[in-house]
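Let's take a walk through a structure together, one piece at a time. Have a look at the picture first, then read on.

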Amino acid sequence: MTVARSLHVIGAAVVAAAMLLWVATGSEGFTRWPNERLERSDAPITPGESDLLAEAGFTDEAIASPMPNIESRFAFGLVPGGPDPRHLLSLATTILLVAVLSGSALLWSRRRGAHAALTTSRAL
Amino acid sequence: MTASLRCDRRSHSLGAPRLAIASLAGLLPVAVLATAAALAADPPATKPPASCAEPQPPQSLPEGTIVYRTLSGREAQVTFTSAAPLERIVGKSNGIVGFALAGPADEPARLAGATWVLPVATLATGLPLRDEHMISSAWLDAGAHPDIRFELTRVDAIRELKRGEDFTTWSGTLVGRMTLHGVSREMQVPDARFSFLKESARTRAIAPGNLLFLKCDYAIKLSDFGIRHADVPGKVSDSVSLSQMLRLSSATPDAIRKAAPAPSPPSATAP
């Protein structure tokens, strides 16, 4: 297998892995990492509180819908979540990097093939 | 012919890098635009305080009025959601401070008044860059308006839902004034849920004193409070949903502080 072809295969594998990582970490829009500010904005509910409120009828009926939540965790996003290096990781930047490398390899191998054909025809 | 071949080889050996550079030159603008769009920055925000002075109840209160003080710095008290076509944003805060004045003994849900204040700088969405944008002058402008304030004037449509030996649970409509981004508006929050619990061994695991739990869900429009931005409504919804769960205690502030869990260590990323 030529170098260019190897690059294409590796690139495709990297993109596939990146897509799997994106799905596995919640298919979020922006890459994010564990965030201390988010961690400080919440705390585990005191044990026993839920039972207490359930007995008091606080959680009865449709009104008692759970609060939406966001956890402090890593999520590999569709696009970068910030300008710092770890937030630049994303599906889009991965695809872009692979596309650049594969595209360069493709163009180089085509150019090389065209030159080889020209050399051969002149020799003949 | 050899010389011409040599010339061809030299031109070819310079041609591959040129092609690579050309392909990069073609793709880079796309990459730059996409990354720039993702990282579109508003003017850097000044750092407002992450806490504020706790509002105090009036000096003179009718005899027997029970003052409930908000327990903050613990579980999340408010979660907001912006569901826009291009982006869904969820954020939360446990920085709400304030008080509520219970109503008469037979109808404590008829609150005699309440004031709650949320420091804007305590809102967190999980993305440092987005948090900076949120408090910038283009959005909530925390530098000029560091707090979001709600002052309750009355509770309407009060309905008792359940009563027990040590508790009563009610629903009602909160009526009051919300101040956000320097703009004050009358607001009604229907279907708020209140539970008043007398102090017991089980409630002391949460906090000393009698407890009041207050839950409500409502929505506000950013445009109603003078917040307008090119990202609305594509990336940020004009209508933001809020879900609140407040825990309040009738204990004194000192008793609450003594019984509070140990604070988490400060971080380098603290605002």
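## A helix and its cover

What covers the buried residues of α1(A)? Part of the cover is α5 of chain A, with contact meaning heavy atoms within 4.5 Å. The names come from DSSP runs: helices are H or I with at least four residues, strands are E with at least two, and both are numbered from the N terminus.

Before going further, some ground rules: this is a predicted model, where local features need pLDDT of at least 70 and side-chain atom pairs count only at pLDDT 80 or more, while totals for chains, interfaces and linings use all residues. Residues are numbered from 1 along each chain as its sequence is written, chains are lettered from A and ligands numbered from 1 in the order in which they are written, and side-chain values use heavy atoms, leaving out hydrogens and water.

Helix α1 of chain A takes in residues 3-24, 22 residues in total. Its end C-alpha atoms lie 31 Å apart, which agrees with the 32 Å it should span at 1.5 Å a residue; the expected span is 1.5 Å times one less than the number of residues.

Which residues of α1(A) are buried? They are Ala4(A), Gly11(A), Val15(A), Ala18(A) and Trp22(A), where buried means under 20% relative accessible area, exposed over 50%, and partly exposed in between (1.4 Å probe, protein chains only). These residues sit on the same side of α1(A) because they cover an arc of only 60° around the axis, taken from the directions from the helix axis to the C-beta atoms. An α-helix has 3.6 residues a turn, so residues three or four places apart point the same way. Over on the other side of α1(A), Arg5(A), Ile10(A), Leu20(A), Val23(A) and Ala24(A) are exposed. Just after the helix, Gly26(A) has a positive phi of about 110°.

## The covering helix

Now for α5(A) itself, which runs over residues 91-123 and has 33 residues. From first C-alpha to last it reaches 48 Å, close to the 48 Å expected. It has buried residues too, including Leu91(A), Val98(A), Ser104(A) and His115(A).

## Chain B and its cores

Chain B has four helices and 10 strands. Of its 271 residues, 48% are buried.

Nonpolar side chains tend to be buried together in soluble globular proteins. A nonpolar core here is a set of buried Ala, Val, Leu, Ile, Met, Phe, Trp, Tyr and Cys residues joined through side-chain atoms within 4.5 Å. The largest one has 47 residues, and among those touching the most other members are Trp116(B), Leu174(B) and Phe194(B). Elements giving two or more residues to this core include β2 (78-83), β9 (211-221) and β10 (239-249) of chain B. There's also a second, separate core of 14 residues, with Ile206(B) and Ala251(B) among them.

## Strand β10(B) and its partners

β10(B) is mostly covered, with nine of its 11 residues buried. Strands count as paired if DSSP finds at least two bridges between them. β1 (residues 67-70) of chain B pairs with β10(B) in the antiparallel sense over two bridges, and there Arg69(B) has Ser249(B) as its bridge partner.

How many bridges join β9(B) to β10(B)? The count is 11, again antiparallel, and Lys215(B) stands opposite Met245(B).
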